[in-house]
Amino acid sequence: MKGRLALGAVVGVVVIGVVSANAGANGPGGERSSGTTKGSGTTKGSGTTKGSGTTKGSASARAVEEKKAAFDGDGDFEVGTDIGPGTYRTSGNAAGICYWERAEDASGDTDSLLANDNVSGASYVTVKATDKVFKSSGCKDWEAVDAKPHGSPATRMAGDGGMFRVGADIAPGTYRSTGNTDDLCYWERAKDAEHGPDSILANANVTGTAVVTISSQDAYFKTTGCKDWKKTA
């Protein structure tokens, strides 16, 4: 699966529900070119590691609680046979090494892709009962997560930490990230973890200061290539 085209969010403009990306060394990467309208991918800046340190009171690519791995980070898994439908999480991934994809069949054809991503830090993915295969390469083990978020939500998060679950990893509110350069900072508010074109509620590539309000109704917040975020309100 490495070297295949990832489907991600457009860089340089705010696009709601349209996704694209460039191919990277370890699978589909980057977010400079526009592409198809299905699936979701990573952003330009996913190859950076700045802002990934963990501080007290901050959300990083950490598990909300220790759980037994649901399945390995490498392999092809048949939905309904090897793994069940549900939402899964991987964390602690080095930038651009972890790649996953949801597919509607096992043909391996690009047209069978439902969604995919290159991961920096953490990622959540909802595998649906109608999916046929879930593929994972170079990722940390995946763990099942509860349907309802729970935990001690933080008010800070690593700017390259990947996906954070609202109400579990981070608290809703207004967050600020400063010192971003050359549109390397990408953020995304999402209503689910399906990574489809309709999953994105809002997104942006930012130079300089980024300010975003994460609603309590949002399900996830994704950040790559940004300076660390701090809750201001």
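# Salt bridges, aromatic pairs and nonpolar cores

The side chains of E194 and K128 form a salt bridge in which the closest N and O atoms are 3.9 Å apart. E194 lies in the loop between strand 11 and strand 12 and K128 in the loop between strand 6 and strand 7, so the pair ties together parts that are 66 residues apart in sequence. This is a predicted model, in which local features need pLDDT of at least 70 and side-chain atom pairs count only at pLDDT 80 or more, while totals for chains, interfaces and linings use all residues. Residues are numbered from 1 along each chain as its sequence is written, and side-chain values use heavy atoms, with hydrogens and water left out.

**Salt bridges**

- The structure holds seven salt bridges (a side-chain nitrogen of Lys or Arg within 4 Å of a carboxyl oxygen of Asp or Glu).
- In the pair described above, E194 is partly exposed, with a relative accessible area of 26%, and K128 is also partly exposed, at 34%. Here buried means under 20% relative accessible area, exposed means over 50%, and partly exposed is in between (1.4 Å probe, protein chains only).
- K222 and D117 meet through their side chains in a salt bridge, 3.0 Å from N to O. K222 sits in strand 13 (residues 220-224) and D117 in strand 6 (residues 113-127), 105 residues apart, which makes this a link between distant parts of the chain. Both K222 and D117 are buried.
- A salt bridge also joins E101 and K135, with 4.0 Å between the closest N and O atoms. This pair links distant parts of the chain, with E101 in strand 5 and K135 in strand 7, 34 residues apart. Both E101 and K135 are buried.
- Strands (E, at least two residues) and helices (H or I, at least four) are DSSP runs, numbered from the N terminus.

**Aromatic pairs**

- A search of the whole structure finds nine aromatic pairs. Rings of Phe, Tyr and Trp (its six-membered ring) pair if their centres lie within 6.5 Å; planes under 30 degrees apart count as stacked, over 60 as edge-to-face and the rest as tilted.
- F71 and Y88 make an edge-to-face pair, 5.0 Å centre to centre with 70° between the planes. F71 lies in the loop between strand 3 (58-59) and strand 4 (75-78) and Y88 in strand 5 (residues 86-103), so this pair ties together parts 17 residues apart in sequence.
- F71 is buried, with a relative accessible area of 7%, and Y88 is buried at 7%.
- F71 also pairs with F134: the ring centres are 5.7 Å apart and the planes are at 75°, so this pair is edge-to-face. F134 is in strand 7 (residues 133-137), 63 residues from F71, and the pair links distant parts of the chain.
- F134 is buried, with a relative accessible area of 1%.
- Ring pairs join F71, F77, Y88, W100, F134 and W142 into a cluster.

**Nonpolar cores**

- The largest nonpolar core has 17 residues, of which M157, I170, Y175, W187, I214, F221 and W229 touch the most other members. Such a core is a set of buried Ala, Val, Leu, Ile, Met, Phe, Trp, Tyr and Cys residues joined through side-chain atoms within 4.5 Å.
- Strand 11 (173-190) and strand 12 (200-214) each supply at least two residues of this core. Strand 12 gives the most, with six residues.
- Leaving out residues up to four places away in sequence, F221 has contacts (heavy atoms within 4.5 Å) that include M157, I170, W187, I214 and W229.
- A second, separate core of 14 residues includes F77, C98, A115 and V127.
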